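Please read this briefing with the sequence and the 3D structure side by side.

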Amino acid sequence: MDTMISPDAPVADPIAGLPEPEGSETEERIAVATQWQLMSMRFRKHRLAMASLIIVILFYLIAIFANFLAYADPFKTEAYRSLMPPQKVILWDDDGFNPHVLAVEGARDPVSFKRIYKTDPDHKIPLRLFAHGYEYKFLGLFRTDRHLIGVADDAGVTAEESIFLMGTDLLGRDLFSRLMRATRISLSVGLVGVALSMFLGVLLGGISGLYGGVIDITIQRLIEITRSIPTIPLWMGLAAAMPRDWSVVKIYFAITLIISLIGWTDLARVVRGRFLSLRNEDFVLAAELAGAGQLRIIFRHMVPSFLSHIIAAMTLALPAMIISETALSFLGLGLRPPAISWGVLLQDAQNIQTMANTPWLLLVAVPVIIVILAFNFLGDGLRDAADPYG
Amino acid sequence: MLSFIARRIMLGALTTWVISIIAFLVILLPPGDFVDAYIAQLSGLGQYVSLETAANLREQYGTDQPFHVQYIKWIRRVAHGDFGQSLEFGVPVADVIGDRLWLTMVVSLGAIALTWGLALPIGIYSAVHQYSFGDYFFTFIGFIGLAIPNFLLALILMYIGFKYFDASIGGLFSPEYQLEPWTWEKIWDLIKHLPMPVIILGMAGTAQLIRIMRANLLDELRKPYVVTARAKGLTETRVILKYPVRAALNPFASTIGYLLPFVVSGSIIISVVMSLPTVGPILLRALVAQDVYLAGTIILMLGTLTVIGTIISDLLLMWIDPRIRLEQR
């Protein structure tokens with residue numbers, strides 16, 4: 001069944017093609033460029049992929065500086081601030097530039113018993129950059145309490161009590177700050193998961209393509225079997241089997257392991273295909289005749305020529321991992337509170353009542369969609385650039 | 001030909017076997033055994049279980065034996081159609097699943113039908129009118145479809161439906177038909193409720209297939225035989241539909257094997273969000289409550305149905321494409 005094409009087989013898209021060489025100068029530049037230079041030239045032609053690369057980098061910066069960007073302690077609960085709607089930041093007032101928010105007062109509606117919130121237009125709370133807030137460890141290096149934004153020191157209130165850029169959840173925790181922390185966990189789950197499936201994929205795909213014969217057939221069948229199992233029920237089963245008393249860290253690694261159980265098949269296919277096509281190349285034969293050892297041939301001659309393909313395949317595998325974690329946590333089978341991930345946050349927006357009353361809880365979906373789109377475009381661009389001679 | 005079918009069925013049987021082991025692992029992995037859970041549940045209801053009964057139950061289920069012995073016992077019972085008791089509902093597993101299994105299949109097959117029905121014409125259109133407004137439009141929609149996980153799509157559509165159309169999207173039946181026996185009215189009611197979950201479920205697959213179809217057809221359209229056909233004065237429709245589309249269909253058809261597990265997986269999760277009466281919500285509940293026999297049975301059944309579906313699609317593919325028939329001879 002080697003005529004099978006996996007659903008994400010390379011899709012040729014000539015938009016990203018190299019420019020027609022205009023003058024002899026460009027031609028010469030292309031002629032002497034190394035493979036990686038050619039790739040980066042081609043990649044930079046792909047506008048959407050470039051934009052996506054920037055977005056992805058920004059998101060990983062958010063993940064790294066999550067605590068600095070958050071302004072309120074993401075774990076601090078307060079019943080009096082339950083389900084507050086997002087708040088407006090007012091940048092200008094009568095005196096010119098003076099960013100501030102208005103103080104919010106909560107009360108219980110005597111009829112519906114819902115908490116309702118009113119802003120007090122006379123009580124302005126000024127905002128400051130690099131203000132003091134809750135204490136955390138900056139990049140795990142030193143303790144600090146500086147945050148990108150916060151309230152001025154002389155305001156007499158804390159950030160937790162006054163700033164609600166995206167509203168609060170049922171327990172009165174600030175959604176924006178929680179989202180920053182969730183970004184860190186959700187994005188890193190993807191990375192760890194890809195690293196694991198990359199290891200499995202390259203190992204098994206490499207063995208399969210290199211040795212062929214019975215080993216190849218066995219591994220191919222293994223891949224086919226893995227792919228014909230409906231993944232979500234399987235993940236759900238494995239995830240539900242995790243003991244309830246496991247620590248957050250243990251669950252985190254178990255979840256990444258579970259989602260990479262499926263992810264490796266795609267990478268294994270790519271690697272195997274590359275090995276098979278390269279095995280008969282002249283330069284491999286030349287290296288063999290020159291007396292190079294097998295390991296040297298693989299790592300010095302073969303791997304560099306398909307490394308770019310692996311990078312592209314990994315980029316395309318990342319969003320799938322992120323979706324998987326989000327979906328599992330959303331169902332309550334993945335990461336569990338107190339861990340904060342996108343799926344955990346979305347769990348609060350699971351039914352129609354919450355959505356009707358507190359639509360801002362659904363805002364968490366926005367970064368999920370943006371990141372996944374960006375990774376898809378980036379992966380597409382990389383895949384097109386991966387083969388600069390094509 | 002026959003050897004190919006035999007091989008496919010062998011592989012299918014192998015897959016089913018692997019799935020049954022995984023399903024059984026799911027049953028065994030949670031700490032404690034089935035009898036512990038059962039006793040805990042009964043004593044929660046104020047009933048007393050004597051040590052003797054517990055020992056009898058352990059004997060019956062063989063929970064104190066090593067893994068492979070337990071597995072063989074379990075699979076033997078399954079082969080006789082005895083899937084065990086659901087802990088949570090206190091009735092046989094088969095009764096709990098009931099209609100839900102085939103409703104799951106209806107939704108999944110509906111999604112696949114939609115995927116094919118949309119992806120084929122749109123893919124052809126996009127390839128023939130490359131870089132036109134329509135092409136960009138469908139590419140854009142396709143990317144959105146690929147990028148938004150379907151449970152998020154369900155959430156967002158439910159929110160839009162609620163907010164702007166004042167309609168609650170969810171379920172497969174109107175409240176008045178929920179508990180009714182099957183009648184034509186109920187089936188009609190089901191048909192009216194199907195489009196939303198089917199569209200949500202089919203979106204990602206459709207997007208993927210459009211891209212594959214477009215790319216394949218673009219490759220074909222550049223080949224010399226298309227130029228020849230045009231030079232001979234064939235009408236444009238015929239030039240495109242007669243050969244290039246047929247050639248481009250092959251990889252398109254081969255993806256159906258992967259489409260089915262993908263769609264079944266998706267149906268589980270959107271069923272939970274949209275509260276569809278399929279096996280999805282029951283599976284989730286069973287897993288959370290560690291209702292192990294129910295969960296294991298559902299995983300086994302879904303896996304088996306998927307394997308059967310994959311075999312059927314492979315046979316269909318062979319019937320469509322003579323090249324594959326020849327290769328396998």
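Helices (H or I, at least four residues) and strands (E, at least two) are DSSP runs, numbered from the N terminus. By that rule, the secondary structure of chain B comes to 17 helices and 0 strands. The model is predicted, so local features need pLDDT of at least 70 and side-chain atom pairs count only at pLDDT 80 or more, while totals for chains, interfaces and linings use all residues. Residues are numbered from 1 along each chain as its sequence is written, and chains are lettered from A and ligands numbered from 1 in the order in which they are written.

**Confidence**
- With pLDDT being the predictor's confidence in each residue, from 0 to 100, chain B has a mean of 79, and 88% of its residues reach 70 or more.
- Among the elements of chain B, the lowest mean pLDDT (62) belongs to helix 17 (residues 322-328) of chain B, and the highest (89) to helix 11 (residues 224-231) of chain B.
- For the complex, the predictor gives an ipTM of 0.75 and a pTM of 0.78.

**Chain B and its interface**
- Of the 329 residues in chain B, 38% are buried (20 or more other C-beta atoms lie within 10 Å of the residue's own; exposed means 12 or fewer, partly exposed in between, with C-beta atoms placed from the backbone).
- Counting two residues as in contact if their C-beta atoms, placed from the backbone, lie within 7 Å, 52 residues of chain B are in contact with 42 residues of chain A.
- Helix 16 (residues 292-320) of chain B supplies the largest share of the side of chain B that touches chain A, namely 8 residues.

**A helix pair in chain A**
- Helix 8 (residues 231-240) of chain A and helix 9 (residues 248-279) of chain A pack at an angle of about 155 degrees, with their axes 10 Å apart; axes are lines fitted to C-alpha atoms, for helices over the stretch in contact, and angles run from 0 to 180 degrees between N-to-C directions.
- The contact is made by A:T231, A:W235, A:L238 and A:A239 of helix 8 of chain A and by A:I255, A:I258, A:I259 and A:I262 of helix 9 of chain A.

**Residue A:S324**
- A:S324 lies in helix 11 (residues 294-330) of chain A and is buried, with 26 other C-beta atoms within 10 Å.
- Not counting residues up to four places away in sequence, A:S324 touches A:W235 and A:I259.
- A:S324 and A:S260 are 64 residues apart in sequence and 9.7 Å apart in space, C-alpha to C-alpha.
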